[in-house]
Amino acid sequence: NNIQLCLFIKKALVVHYEVEASILGEGGGHMLGERKEGQKIIRVKSLSPSTDVGALAKKVVEECKLIPPSRLPQVEQLLYYLQNRKSSPVEGKGESLEKKEKRTVKPRELTPFEGLELNEEASITRVDEYVELLYEGIPEKIRGSALILQLARNPDNLEELLHNEAALGALARVLREDWKQSVELATIIIYIFFCFSSFSQFHGVVSHYKIGALCMSVVEHELKRHDVWCEELRKKNKSAPENGSLRRDQEKALRKYQGLLAKQEQLLRVSLYLLLNLAEDTRTELKMRNKNIVGLLVKVLDRDDEELLVLVVSFLKKLSIFLENKNDMAEVDTVERLARLVPCDHEDLLNLTLRLLLNLSFDSGLRAKMVEVGLLPKLTDLLGDENNRQVAMRILYHISIDDRFKGMFVYTDCIPQLMQMLFECGEEEIEAELISICINLAANKRNAQLICEGNGLKMLMKRALKMKDCLLMKMIRNISQHDGPTKALFIDYVGDLAAEIRAEEEEEWVLECLGTLANLTIPDLDWELVLKEYNLVPYLKDRLKPGSAEDDLILEVVIMIGTVSMDDACAAMLAKSGIIPALIELLNAQQEDDEFVCQIVYVFYQMVFHQATRDVIIKDTQAPAYLIDLMHDKNAEIRKVCDNTLDIIAEYDEEWGGKIQSEKFRFHNNQWLEMVESRQADESETYLYDNDNDRTDLFYSAGTHKTLDGACRKTLYCGSLSHSDVQTSSSPGRPATAYGFRPDEQPFYQYS
């Protein structure tokens, strides 16, 4: 039952099967059963590039009774794959039909017994003789283990070594007892178990002998030894020898240190590689984390051996996908140690380091650390490296998400390079990473100025309008929101943008074009002419109906109306079209959305400046009543715009002015009135006030006053008001929208 075929080792197939035995009763019923799993290895040593795979598959099925004839196509497929496979199983960790992640970089072939001369070639039939050497002195143990390693490096011998429990037990015992006595011995024995760890199905035997725990102890001990060596070397160098004898001693100590370091790094490499293989099991990885594997690996990052660094960074990259490991890396200055590896001449090491930094860059604190240690200009320089451009750009994108760091891109060569990449795209679709970082950077005023230098804006607008590229227009929209010289550059494109605002266009495209137009608060721009020429009023009025479009588009329509309402003639035209009642209806429908409420109130604020629209709002609508209700809204921005609007209404209409003053009086003195109503007599007054003159503070004056809770309140301004009086620092222009800054919104671009 349940037969499974897979490739196992070089020129071999493995048949996994289950045997089920049942005991039947007298009536033929099932009484007792037992199930057992097993596997059979089928070696196909005769397989070569010229072998007839079909004929060989038939022979395998005929001779192996476990494989039913129906599995012939699968056997043939496996043999064909085995025939054409190039990588060795040790490096590839075994192959199966299941999809398996390939290791990004394979560390250099390990040679643990360099310098050890063996006058004989190991034989699998003499393993017992080699095991006997493990019971002698250190030199004999090194020789015996080295001979066994010769066998273990051939994957064809692993199965037979696996069944020799005496050999594996002796090796594990020697490692456990003598690893501190000889670095060479420890390296060789760990290498033997590393050969087993290269295959997932052998991980059980490695775990059985607790080799992983031993390797953790070895790595920790060796790192401590290295600290001692460095301290001793530092003391010798500090002595500043003057005579030749001391100088020779110093050079001798340095050579000794370098020799010890080379052997130690070889031991570290094989130990860490074995741990990396075992970490395929997340439960084993968790055990390693509990023993501070992250701290040990990060400490190794200070080494100079590139092959060792490739292995360590690979290990850290694998660990970094888990939150707990990422947090551990943040505590031991991982980013600071990785910064020195960017850039480096070793291509694999550089690529792995960038991918590790990419994983870490999802954490805002670690992103800040990357900027702090100077990685921003280094990553910018890598945009010209074809092999590492995409990874570098993704890290830069994550950094550009944070408003704190957007402005720092000005001091690098990043923006000119990004613009060059945009222009080189031609009519091809822009890469997601490229346009994403451009959108983020355009949200910064100084970056926007750099983007627009030369013909930057002209080229962007030309491509966006031609390709109807929504993302590129989103970038342009970000540029348009900044006051200053960049906003004036958009005057030439007002007509092009207005022409795109049509019902037949896609909403997403119209949203970006309309949002760009709404940002153009440019003095002396004839909005009346624009609305008439492109017949925009019917479109704007139609989109104000609740449910007529997505909320984002309706909101942009409101913002657009607020922008064009600065023009006297345009505001009058809008009032005649019946837009004000439509706005009130929309306010009723969206009263729970602060963004909608704030922008609609701002439209009223703009319109009360103009005589025609002011009369319509005050006399023909209930807008002032809605504003009075919103005067005490919990949103500070809404309260500010309401106060400014009501101040203007109160100046020009006595009836509404009295209502507004009465409401402000009622609110500001509410606590006092409630206490007066609940307390009847003079006895409460002596408790509340020191003298009668204090009561005067509870009534309106031209300045501010304090309520009983001590809070300062803004009072009604009783002097005459003009347009310039209201546009002060206390009543800023159009309120900032939440576009691009919604806290519940995910970053624009995400990738797996």
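This is a predicted model: local features need pLDDT of at least 70, side-chain atom pairs count only at pLDDT 80 or more; totals for chains, interfaces and linings use all residues.
Visitor: Where is Thr645?
Guide: Thr645 sits in helix 38, residues 636–652. Helices here are DSSP runs of H or I, at least four residues long, numbered from the N terminus.

Visitor: Buried or exposed?
Guide: Thr645 is buried, because its relative accessibility is 0%. Buried means under 20% relative accessible area, exposed means over 50%, and partly exposed is in between (1.4 Å probe, protein chains only).

Visitor: What does Thr645 touch?
Guide: Leaving out residues up to four places away in sequence, Thr645 touches Val601, Phe604, Tyr605, Val608 and Leu627. Contact means heavy atoms within 4.5 Å.

Visitor: Which backbone oxygen lies by a polar atom of its side chain?
Guide: That of Val641, at 2.7 Å from a polar atom of the Thr645 side chain.

Visitor: How far is Met607 from Thr645?
Guide: Their C-alphas are 9.3 Å apart in space, and the two are 38 residues apart in sequence. Met607 lies in helix 35, residues 594–607. Met607 is buried too, with a relative accessible area of 0%. Not counting residues up to four places away, its contacts include Ile561, Leu574 and Ile617.

Visitor: New topic. At what angle do helix 38 and helix 39 cross?
Guide: Roughly 135 degrees, with axes that come within 6 Å. Axes are lines fitted to C-alpha atoms, for helices over the stretch in contact, and angles run from 0 to 180 degrees between N-to-C directions. The two helices are therefore oblique to each other. Under 35 degrees counts as roughly parallel, over 145 as roughly antiparallel, 65 to 115 as roughly perpendicular, and the rest as oblique.

Visitor: Which residues meet there?
Guide: Among them are Leu646, Ile649 and Tyr652 in helix 38, and Trp656, Gly657 and Ile660 in helix 39.

Visitor: What about helix 25 and helix 26, at what angle do they pack?
Guide: About 140 degrees, with their axes 9 Å apart. Helix 25 and helix 26 are therefore oblique to each other.

Visitor: Which residues of helix 33 are buried?
Guide: Cys570, Ala571, Ala572, Met573, Leu574 and Ala575. Their cover includes helix 30, helix 31, helix 32, helix 34, helix 35 and helix 36.

Visitor: What caps its N-terminal end?
Guide: Asp567 does, with a side-chain oxygen 3.1 Å from the backbone nitrogen of Ala569. Just after helix 33, Gly578 takes a positive phi of about 85 degrees.

Visitor: How many disulfides are there?
Guide: Zero, in a search of the whole structure. A disulfide is a pair of cysteine sulfur atoms within 2.5 Å. Cys570 is buried at 0% relative accessible area, whereas Cys230 is partly exposed at 30%.

Visitor: Now the loops. Where is the place of Pro343?
Guide: Pro343 is in the loop between helix 16 and helix 17. A cis peptide bond joins Val342 and Pro343, with omega about -5 degrees.

Visitor: And what is phi of Asn292?
Guide: Near 65 degrees, a positive value in a residue other than glycine. Asn292 is in the loop between helix 12 and helix 13, and it is partly exposed at 43% relative accessible area.

Conventions. Residues are numbered from 1 along each chain as its sequence is written. Side-chain values use heavy atoms; hydrogens and water are left out. A polar contact is a pair of N or O atoms within 3.5 Å; within protein, one must be able to donate a hydrogen and the other to accept it, and residues adjacent in sequence count only if both atoms are side-chain atoms.
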